[in-house]
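Please look through the structure shown here and read the report beside it, keeping the sequence at hand.

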Amino acid sequence: MAHTAAQIVETLAAGRDLARETAIREIRADILALPSIRKHRLSNTEFSTREFVLVRVRLENGIEGIGEAAVLGGPRWAEESVESIQSVIMRYLAPALEGCSASNPAEAAARMGRAAFRNNSAKGAVETAIFDALARTLDVPLATLFGGALRSRVPVLWALASGDADQEVAEAQDKLDRREHRDFKIKLGFASPEEDMRRLTRLREGVPGMRRLVVDVNQGWTEASCRRYLPHLQELGVDLIEQPLPGDDFEGMARVAAHSPIPLMVDEAAFTHREIARAGNMGCGSVYSLKLVKSGGLLALGQAAHVAEAAGMELYGGCLLEGSIGAAAHLAVFASLPRLHWGCEHFGPRLHVSEIVRDPLKFENFELCLPEGPGLGVHLDEDRLREAVRAA
Ligand SMILES: [Mg+2]
């Protein structure tokens, strides 16, 4: 764990044998399926039920921590699927953590790093559950272990991804009227660029009260499409363009960014700290999307923010449609960052018809509230959890 965080734990645990008290005793990983309120489309996939893995880590003192491993509709956004995540956790990560204590999440992260290459969503969820159990044991909010919360609310945007322009206009206007969201992200790349431009125009004209507009192409365009459609995006007042080119095309992103009047955001291109530094230093974009599934742990997520800033990029709190558990984990780190220039996009909890926690996150006045109480600040609803467990 980072030096300051280790000191915080030491101070909070004064006089206690924390290593023994928080020895990891049991790790569980269940595949859950929750229906979403509408179909969600990306350039290369679509789904109407969100599947994820719930991780539970039980300690010697009986306290349980929870974590969420997210994927987007199977192994398409990245290589992991809910099936691979469950299997990697039970077959490789859990045995590697035998004899480890939750009082040292850095050691837990290092052991998982040695046990499995990448598999970031699996590792991120287990590390989250370990941190949650430790924070609950110490009776402090999770953000305290990252140095403390600098903010209790984060501006949160809403993503439009049904592909039906009229439905998207109505959905955006409803979010504005409820004062839940005024910044929007629209998913492009699953239709032709011409069709995307018509959808965007309809949205801009149909929702005049909208503030920021982000477009996410999810690697769906070519460099030529970018050059052709950038003037249209500028005319439509688009504020940010997310990952228009394939993730491994650093040179292409840098060329597009060099002549784009709109900032580019790096998402799928950069998972590791070295990739983040390279993307920033090559000028592939001037904003970086922070995600637990890219960093593979909350410790690394906080470090990714510092690397991105040092390489000249502003910060955006990204998501992979996590529900309240995963969103609360991201928020604990986001709250502790000196700067979070673009707010966050953790609208995932509102995309589900129902949740598996008793205390879903609050969306108020266009912001997402950091939950209060020890650990993640959310608690499992065991009845709803039973209903959500997917049959194998
Ligand atoms: Mg994205």
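## The chain as a whole

The structure is a predicted model, and its protein chain contains 14 helices and 13 strands. The radius of gyration is 20 Å, close to the 21 Å that the globule rule gives for 392 residues, so the chain is as compact as a globular protein of that length. Taken along the principal axes, the C-alpha atoms fill a box of roughly 65 × 45 × 40 Å.

Of the 392 residues, 51% count as buried. Among contacts with a separation of 6 or more, 74% are made by residues 24 or more positions apart. The UniProt record, an unreviewed entry, lists residues 166-263 as "domain: Mandelate racemase/muconate lactonizing enzyme C-terminal"; over this stretch the chain is 50% helix and 11% strand, with its end C-alpha atoms 28 Å apart.

## A hairpin of two strands

Strand β1 (residues 24-42) and strand β2 (residues 45-59) run antiparallel and are joined by 14 bridges, while a hairpin connects β1 to β2 through two residues. Within this pairing, Arg28 stands opposite Arg56 in β2.

## An open parallel sheet

Seven strands form an open sheet with parallel pairing, in the order β5-β6-β7-β8-β9-β10-β11. At its edges stand β5 (158-160) and β11 (314-317), each of which has a single partner strand, so one side of each is left without a neighbour in the sheet. Neighbouring strands of this sheet are turned by 30° against each other on average, when direction is ignored.

## Two helices

Helix α5 (residues 120-138) has 19 residues and reaches 27 Å from its first C-alpha to its last, close to the 27 Å expected at 1.5 Å a residue. This helix is mostly covered, since 19 of its 19 residues are buried, and α5 is followed by Asp139, whose phi is positive, near 60°.

Helix α12 (residues 298-310) has 13 residues that should span 18 Å at 1.5 Å a residue, and its end C-alpha atoms are 19 Å apart, which agrees. The buried residues of α12 are Leu298, Leu299, Ala300, Leu301, Gly302, Ala304, Ala305 and Ala308. Just after α12, Gly312 takes a positive phi of about 90°.

## Two residues annotated as active site

The unreviewed UniProt entry carries the annotation "active site" for Lys187 and Glu345. Although these residues are spread over 159 residues of sequence, they cluster in space, with a largest C-alpha distance of 12.9 Å.

Lys187 is found in strand β6, and it counts as buried because it has 25 C-beta neighbours inside 10 Å, where 20 or more are needed. Leaving aside residues up to four places away in sequence, Lys187 touches Arg41, Leu42, Ala159, Ala161, Asp216 and Asn218.

Glu345 lies in the loop between α13 (324-336) and β12 (363-364), and Glu345 also counts as buried because it has 29 C-beta neighbours inside 10 Å. With residues up to four places away in sequence again left out, Glu345 touches Val156, Leu157, Ala159, Lys185, Gly317, Gly318 and Cys319.

Terms used: Residues are numbered from 1 along each chain as its sequence is written. This is a predicted model: local features need pLDDT of at least 70, side-chain atom pairs count only at pLDDT 80 or more; totals for chains, interfaces and linings use all residues. UniProt positions are given in the numbering used here, feature names are shortened, and annotations may be inferred rather than shown by experiment. Helices (H or I, at least four residues) and strands (E, at least two) are DSSP runs, numbered from the N terminus. The radius of gyration is taken over C-alpha atoms; the globule rule is 2.2 Å times the number of residues to the power 0.38. A residue is buried if 20 or more other C-beta atoms lie within 10 Å of its own, exposed if 12 or fewer, and partly exposed in between; C-beta atoms are placed from the backbone. Two residues are in contact if their C-beta atoms, placed from the backbone, lie within 7 Å. Two strands pair if DSSP finds at least two bridges between them. Axes are lines fitted to C-alpha atoms, for helices over the stretch in contact, and angles run from 0 to 180 degrees between N-to-C directions. The expected span of a helix is 1.5 Å times one less than its number of residues.
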